[in-house]
Structure formats: C-alpha cells, structure tokens
Amino acid sequence: TAYEIASGDWSSDVCSSDLFPSHDRFCLLPVAGKKVWLILLSFVFYSIWHWQHLGLLLISIFGNYALATALSQGTKENRRMILAVGIVLNLLLLGIFKYTGFLLTNIRPFLGITWRPEIILPLAISFFTFSQIAYLVDVYRDRRAHSELSDYVFFVVFFPRRYRDWE
C-alpha cells in the first residue's frame with residue numbers, strides 16, 4: 001500500500017547512503033529517534049516556504065488521523081460516510097488554495113471588482129492531500145490497519161519518497 005514506507009525498515013537504506021552530511025550520528029539513533037528527527041526536519045522544510053502554512057499542515061494531519069481512527073473503529077454503515085467526508089474535506093482544502101485565486105482572478109472583471117486576491121499556495125499541498133486520501137482509502141478497504149500517530153505523521157510529511165516505496 002501507499003503507507004508502508006512509514007512502518008517499514010527504511011532506516012537501513014538511509015544509513016547505507018550519503019543522504020545526510022552527518023549521517024553517522026543520525027544512524028546511531030534508535031529507529032524511533034530517526035523517525036522523530038526526520039519528522040522535525042520535514043516540518044522545517046515545509047515551514048521554510050511559508051511558516052504560516054505549518055498550522056494548515058498540522059490541522060490537515062490531525063484531522064485526517066481522526067478520520068482514519070473513526071474509519072477503523074466505525075460500523076459498516078457509517079464507514080462509507082466517514083470516507084466520503086474525508087475525501088470531500090481534503091479536496092475542499094486543496095480547491096481553496098489551488099483554485100480560489102484562479103477563479104477570483106477570472107470573474108472579478110465581470111463583477112467590476114478591483115481587488116486582486118493574493119493566495120500563497122502551501123508547499124506540496126497536492127502531495128500531502130492525496131497521500132492522506134490514499135491512506136483513508138487504504139484504511140477503509142482494510143488494506144492496512146490504522147497505525148500509530150508518529151508513523152502516520154512520518155508518512156505524510158516525509159517528502160523524499162522513492163517509487164519502490166509505493167509498490
């Protein structure tokens with residue numbers, strides 16, 4: 001499934017490469033410490049673009065984690081509704097940031113509006129939105145058990161994924 005990188009043995013791959021200049025110290029950390037370190041660095045990476053969007057990312061992560069928890073504990077009757085709500089909320093978030101500026105820019109001449117929207121697109125919003133939708137679908141289809149919060153956060157924010165991690 002799309003999620004397995006966060007729970008797999010990715011640390012041996014990292015420690016056998018020159019990914020980090022000081023990777024010797026990194027490799028001395030236990031797996032949980034490596035995961036926390038990479039999560040923190042990923043948050044720094046996202047916040048360098050526009051630090052105000054870090055809150056948006058955190059809200060998205062915790063909201064989707066709560067939805068996945070509800071999916072994993074839900075009854076057969078309400079799981080489909082929970083999944084639909086999760087997908088709609090994720091696509092709504094994506095639509096607001098990616099298409100509101102485009103829409104307002106194109107309709108303002110017809111409405112006589114001189115105000116010009118300045119919406120700064122969050123870094124990798126499509127990446128983390130579709131990753132979270134894929135996770136919700138995996139939990140819904142019982143392709144995977146719902147996981148620990150740290151594994152989920154790592155899955156969402158760890159940007160440098162390789163293709164083989166998605167097979």
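N64 is buried, with a relative accessible area of 4%. The model is a predicted one. N64 lies in helix α5. Setting aside residues up to four places away in sequence, N64 touches N90, Q132, L136 and Y152.

The side chain of Q132 makes a polar contact of 2.8 Å with the side chain of S60. Beyond its neighbours within four places in sequence, Q132 is in contact with S60, I61, N64, N90, Y152 and V156.

| Residue | Helix | Relative accessible area | Contacts beyond four places in sequence |
|---|---|---|---|
| N64 | α5 | 4% | N90, Q132, L136, Y152 |

**Helices α5 and α7**

The axes of α5 and α7 come within 9 Å and cross at roughly 10 degrees. The two helices are therefore roughly parallel, a term that applies to angles under 35 degrees. On the α5 side the contact is made by L57, S60, I61, N64, L67, A68, L71 and S72. On the α7 side it is made by F128, Q132, Y135, L136, V139 and Y140. By type, the residues of this contact divide into 10 nonpolar, four polar and no charged.

**The nonpolar core**

The largest nonpolar core has 31 residues. Those with the most contacts inside this core are F43, L57, I61, Y152, V156 and V157. Two or more residues each come from α4 (31-49), α5 (53-73), α6 (76-111), α7 (125-140) and α8 (149-157).

Which residues does I61 contact, leaving aside its neighbours within four places in sequence? I61 is in contact with F43, Q132, Y152, V153, V156 and V157. Among these, F43, Y152, V156 and V157 are also listed with the most contacts inside the core.

**Helix α8**

α8 is mostly covered, with seven of its nine residues buried. The buried residues are D151, Y152, V153, F154, F155, V156 and V157.

Key: Residues numbered from 1 in each chain as written. Predicted model: local features only at pLDDT ≥ 70, side-chain atom pairs only at ≥ 80, totals over all residues. Heavy atoms only, no water. Core = buried A, V, L, I, M, F, W, Y, C linked by side-chain atoms within 4.5 Å. Buried < 20%, exposed > 50% of the residue type's maximum accessible area, 1.4 Å probe, protein only. Contact = heavy atoms within 4.5 Å. Axes fitted to C-alpha atoms, helices over the stretch in contact; angles between N-to-C directions. Parallel < 35°, antiparallel > 145°, perpendicular 65-115°, else oblique. Nonpolar A, V, L, I, M, F, W, Y, C, P; charged D, E, K, R; others polar. Polar contact = N/O pair within 3.5 Å; in protein donor to acceptor, adjacent residues only side chain to side chain.
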